[in-house]
Every structure is written in structure tokens, then in C-alpha cells.
Amino acid sequence: MSAPVGEAPVQRDGSGKPRTGRRVRQVRELGILLALVLLVAVTTLYNPGFLMAQNVRDLLLGATLLTILAVGQSMVLITRNVDLSVGSVLGLSAFAVGVLFVSFPGLPVPLAALAGVLVGTACGLVNGLLVAATRVPALVVTLGTLYIFRGIDHWWASGRQINAADMPPAFLGIGRATVLGLPVPALLALAVVLAAGWCLSSYRSGRELYAVGSDPHAARLAGIPVDRRVFIPFVVNGSLAGLAGVLYAARFGTVDATVGTGLELEVVAAAVVGGVAIFGGSGTVYGAALGALLLTTIGAALPVLRVDAFWQQAIVGLLILVAIGLDRLLALRTARRLRGGGSRGA
Amino acid sequence: MSKPVLELSGISKRFGAVQALSEVDLQVAPGEVVALLGDNGAGKSTLVKVIAGVNPADSGTIKWENHPVTISKPGDAQRLGIATIYQDLALCDNLDIVANLFLGSERTVLGTLDELEMERRAQTLLDSLSVKMPSLRVPVASLSGGQRQIIAIARSLLGDPKVVMLDEPTAALGVAQTAQVLDLIERLRDQGLGVVLISHNMADVRAVADRAAVLRLGRNAGDFPVQETSYEEIVAAITGAADNPVARRSGRVSVSGTEEE
């Protein structure tokens, strides 16, 4: 209960370099990784086939969309906003790509992919403008655009379905191609994770996203263009949702107006499990990506373990609660250790 | 007393029908702690905002190092070398100490954040203030109120100010934490900075302030050397104890009495 009296200070004084804050964050991501490893180990013990190359490939491919979406969502969450429209944006982009191939059968694949991404960018622009300019809470704005984008999708599709036969083999090949045994979409997702992670940790604008999410008022006083820093993540997130839509179309080959329905909560769940705080200002995209991988792996492991699919959602829910509880516990422990060690010095 | 670095004279400020400040004078010398005292609504915060450029004065002159200057926006005050630490601290809880110190003025190399340089400079800065933090890489949310106040003050020093204004720096702090902040204020004075300290706490004022400038109803109500002035005299100036119906009446009676004779 009480803080140990003689506990060694985390850091003697200035010259040392142990970084409690960094360590806490790393512990956080290490925890998810550990859970992932544990889950894979148990499942493999139960059924050695789980770790077969083909199965791992399927798993990575399955995690691709969720990972890309979780990265974008994390950037929005870090600024203390949320984007609930990602599922609809993904659906709209996937359908747009399909329609393009139907209307222009000879269309080059990169051009169609770019168009899909741009559809997402446009949706992100709408979200970002509404949130940043009108200062309406993002939850409300994106709840609205969730239905609006989905409505546009339904109106456009009007019951139509676009099948793999309508799309060029080169495009569908993206979903199946591998490099060094790894699926191309998964590599793409990895590139997105690394690029976003690098931007957030190494650039002023990345740092400023955390500042805005931590305390918008303080960020404004420090001279940070808060509205712009709120706006940009929505655009990036929209573009990433567009990219995910393109990958969806390439992988599944069948798109209709219901693609991506209900995906938004799964995305938020992945980010939160990965340590991205819903109240902004903390978490990393690496954590969110691990969270997405963990959720996908749970989905794949439970049938192997012969757990009723019915339990899957309950387990995901439990995981979210555990993740949040863990964050709180770590924060409290750090605070107690610091106050105990620092009160006489400073 | 050495030459004042900041000299205000005849400052007036009106908000609509409310005359918040009328003809207020204030001087701050290097290496001096001036306590700005007054009851609620006396105009302390308004005066600070005038100096900080948040609410520019309607009339009056401001002299900086003996040259007349105009301060019409916060940037003007910062450029002159006036740093203001507001009551609400303006720290980002989730960012670590280094990130908070450099927020808005991060050091970069080739466009990317130069964490090492920032950490080194932060350490030098805190060392120069004899401030010890358990680690520079913890989120400020986990610091105590006193430590947070110290970080907020340290942050304002990165711009090498000559005058630091503190708005109620000890308002929400415990005894030990208050002592830490007062120590820091003394160190700022020892480094030759002029400090303007707004406080309601007379004990703090007596502990660190050299002078007490009292405002009452938007006017100067006295300027006291703290060491040679009693607690009661200062409180009387703040509350206007000399300016109450009884005193006024007795004054009037005695005046009219002299007329009769």
C-alpha cells in the first residue's frame, strides 16, 4: 500500500539517463506484444498447424486493413478527437474503385488505387473542416458523416454488387502477391505504421499533435496552430481509410454498399487496446498496430481453440478494460514513485 | 535602488463602463521582487495583462530600460523580455518535462526534433535554478503542484527574459511546495531578474518581496518597502482601512470643526 520508504530514486540526478517516461511507454507496448506471443504460443500448443506459413500469411493479411485504419485513428485520437466515419469511408472508397473498373475497363491499376485513396482524402477533408472550423465535437460530426458517407454509398450502388470478374487480374493480384513470403498489403501496412510512427516522434508537428490532445488551451498559448493540428490528422486518416478501401477491393474482389459496416468501433478498440488514450495526448501508432494485430489474432485463435465465437466479443471487451486499467495503474505507480523520490530535491 | 528596467506611469484602462485602472504607476528594478497586492477586483490582473500585452493600456507610458515602448500584443512583451506565468500554468500533462519546456520552440536538426540537445539544455536550465527533478522524461501529469509550477517558471526563462511576472504562483500549493517556489523566486532575483509577484498570501510576500505595490480600486494605494513595513500597514492599504465611513466622517467633522473656530 504505502510507498516503500527506501526505494531507490529512479534517477539520481541530472547526468543519468534512465527515462522513466520512455520506459513506461515501452512497457505498455511490450505488454501487448507479450499478450500476443502468449496467445500464439497457447494456440500453437493446442494446434501446431496454427503457425504454419499459410496461416500466418492469412493472419497478417487479415490484420492489414485494421492496422492501417488503427494508425490513422490513433493520430486523430491523439489530438483528443475521434473519427467514427472510417468504416463508411472505407466502403465508399472500395466501391468507387470497383465502379471505376466497371466504367473504364482499361484503367491502369495505380490510377484506380490513387482515385480510391483520394475519395478517402475528400471524406477526411470534410470531417476535418467540420471539426476544426465549427468546433463541433468530433464524435458528433463523424457520427453524422458515418451515416452520410454510407448513404452516398447506398445511393450510388443502389443494390448493385461489383464482382471480381469486373476487376483486372493485375489489381486483384495485389491482394495475393507476396515479397519474401510476406503479403504485399501487410508490407504496405508496415510501411504506413513506420512512416506514421516516425512522423509523430521526430517532427515538431507530430509532437504538437500530442500537445493539442493533452491540453488544447496550453497548446494555443504555446503558439501551436491548434485548428490546423486537429485538421491534418482527419485528412491523413481519411486517406488511410481510402487506402484500406482499395486494399479491401483488391483482396476480396466483391464490393457492395455494405462494405466496412461497423468497422469503426473495432478500429477504436484496436487503438485503445494498443495504449492510445481516448482522451488524447498519449499512445503511439506502434501500440495501435500491435493492438490491431492482437485483435485479429484473437479472432483467428478462438476458433482453433474451439472457443465459441460468441465469446470473442466478450474477450475483446475484457481486453479493452484490462488495457485501460493497466494504463491507470502504470500512471499511478509512476506518480507515486516520483512524488516519493522528488519531494525533497525540487 | 538600481535603475528600473520596467517603468509604468499613468496607466489607465477602461472596460466599457468599468474603469479598471486609473493613473497607475509601477516600477521594477533588476534583482528586485515587487509584490503586487490588492483586493479582488483591485486591478492586479488587469495591470499584469497590460504589461504582458494581452489587454493594452488606453493611456499612460511604459518605459523599458529608460526608453518609451508600446506593448500592444503578447509578442511585443516577449520580445522586450517580459515573461508571464499565468495561474492556469499552461502545461501539457501528457508531455514530459523536456517537451513542455520547449513546447512551441522545439530545437530541430534537419527538420527532426533534437531530443538530446533539448534534454541537455533543459538540464542546464534546471541546474542553474538548483532545481532537481527525478527524471526529465516523465509526463508532467505525474509531478506535484510545486514541481509543475517550477517547470512553468523554468519554461518562461528559456527566452532569457529580464522581467518575470507570476500570477498567484503559490495559490494551490502546500507548505513545502510553496517553499520550493519561493526559493526559486529568490534565485531569479539573485540572477538579476525583476520579478512581479501577484499574491494574496501575505506570508509569501513578506518572505520574498522587496517592495509591495498596493492597488485599490484601480489606483495606487501605496508602495512599501516590505522589510520596514508592518503587516497591518499593508493590509490597511489593501482594504482601504483608512478609507472607511468612520474615518471619512471623523475627517469631515474635524475639518468642519476647524472651520467653525
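These legends accompany close-up views of a predicted model.

**View 1. Strand E11 of chain B sits between two partner strands.**
E11(B) covers residues 211-216. Five of its six residues are buried, so the strand is largely enclosed by the rest of the structure. Strand E3 of chain B (residues 33-38) pairs with E11(B) in the parallel sense, over five bridges. One bridge links Ala35(B) with Ala212(B). Strand E12 of chain B (residues 219-225) is also joined to E11(B) by five bridges, but this pair runs antiparallel. Here Ala213(B) has Asp223(B) as its bridge partner.

**View 2. E11(B) and E12(B) form a hairpin.**
Two residues lie between the strands. In this hairpin, Leu217(B) takes a positive phi near 50°.

**View 3. Four strands of chain B form an open sheet.**
The strand order is E2-E1-E4-E5, and the pairing is antiparallel. Strands E2 (18-28) and E5 (67-69) stand at the edges. Each has a single partner strand, so one side of each is left without a neighbour in the sheet. On average, neighbouring strands are turned by 30° against each other, with direction ignored.

Leu8(B) has Ile62(B) as its bridge partner in E4(B).

**View 4. The largest nonpolar core has 171 residues.**
Leu69(A) and Leu197(B) have the most contacts inside this core. Helix H10 of chain A (residues 226-252) supplies the largest share, 15 residues. Chain B contributes at least three residues from each of domain 1 (6-81 + 161-260) and domain 2 (91-160).

**View 5. Leu197(B) and its contacts.**
Residues up to four places away in sequence are not counted here.

**View 6. Chain A contains 13 helices and two strands.**
Chain A has 346 residues, of which 47% count as buried. Consider its contacts with a separation of 6 or more: residues 24 or more positions apart account for 79% of them.

How values were computed: Residues are numbered from 1 along each chain as its sequence is written. Chains are lettered from A and ligands numbered from 1 in the order in which they are written. This is a predicted model: local features need pLDDT of at least 70, side-chain atom pairs count only at pLDDT 80 or more; totals for chains, interfaces and linings use all residues. A residue is buried if 20 or more other C-beta atoms lie within 10 Å of its own, exposed if 12 or fewer, and partly exposed in between; C-beta atoms are placed from the backbone. Two strands pair if DSSP finds at least two bridges between them. A nonpolar core is a set of buried Ala, Val, Leu, Ile, Met, Phe, Trp, Tyr and Cys residues joined through C-beta atoms within 7 Å. Domain bounds come from an automatic or database domain assignment. Two residues are in contact if their C-beta atoms, placed from the backbone, lie within 7 Å. Axes are lines fitted to C-alpha atoms, for helices over the stretch in contact, and angles run from 0 to 180 degrees between N-to-C directions.
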